[in-house]
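Let's take a friendly walk through a protein model. Have a look at the sequence and the 3D view first.

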Amino acid sequence: MDATDMLDPLATAERWMDDGRMVALATVVETWGSAPRPVGSHLVIDGKGNFHGSVSGGCVEGAVISEAMEVIGDGEPRMLEFGVADETAWRVGLSCGGRIRVYVERVG
């Protein structure tokens, strides 16, 4: 494994699955306006709440990790949306005036 693999959330997901961990993958699928991470950014989460990568930052990632734990448990993928028009988004910290959609799925 080289240094690039250590930084790549998809390589981390593969490694974690090889270790027998349950894994969810969160992917930024759409942005509008100001967004901290571009489309295609990934965050990988295991069944114990360990994570690697980034889809936004701050409290938004905390909300995504929480949803990912549910996805690992029930196997049902989710489409999450955080944006300035959504009161929840202000609570989780996406006050930059943008909006992001994040798809969370169990992999492996």
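What pLDDT does the protein chain average? This is a predicted model, and its protein chain averages a pLDDT of 86, with 81% of the residues scoring at least 70. Among the elements, S2 has the highest mean pLDDT (97), while helix H4 (residues 87-92) has the lowest (53). Where pLDDT is low, the predicted coordinates should not be read in detail.

Now to helix H2, which spans residues 9-18 and has Pro9, Ala11, Thr12, Ala13 and Trp16 as its buried residues. Aspartate 8 caps the N-terminal end of H2, with a side-chain oxygen 3.0 Å from the backbone nitrogen of leucine 10. Just after H2 comes glycine 20, with a positive phi of about 90°.

Next, the strands. S1 (residues 23-32) pairs with S2 (residues 42-46) in the antiparallel sense over 5 bridges, and alanine 24 stands opposite isoleucine 45 in S2. S1 also runs antiparallel to S5 (residues 99-107), joined by 9 bridges; here valine 28 has valine 102 as its bridge partner.

Side chains of opposite charge can pair when their charged atoms come close. The whole structure has 7 salt bridges, including these:

| Salt bridge | Closest N to O |
|---|---|
| Aspartate 46 and arginine 21 | 2.8 Å |
| Arginine 101 and glutamate 81 | 3.6 Å |

Arginine 101 lies in strand S5 and glutamate 81 in strand S4, so this pair ties together parts that are 20 residues apart in sequence. Salt bridges with shared partners join Glu30, Glu81, Arg99 and Arg101 into one network. Aspartate 46 is buried, at 2% relative accessibility, whereas arginine 21 is partly exposed, at 32%.

How values were computed. Residues numbered from 1 in each chain as written. Predicted model: local features only at pLDDT ≥ 70, side-chain atom pairs only at ≥ 80, totals over all residues. Heavy atoms only, no water. Buried < 20%, exposed > 50% of the residue type's maximum accessible area, 1.4 Å probe, protein only. Helix = DSSP H or I, 4+ residues; strand = E, 2+ residues; numbered from the N terminus. Polar contact = N/O pair within 3.5 Å; in protein donor to acceptor, adjacent residues only side chain to side chain. Pairing = 2+ DSSP bridges. pLDDT = per-residue confidence, 0-100. Salt bridge = Lys/Arg side-chain N within 4 Å of Asp/Glu carboxyl O.
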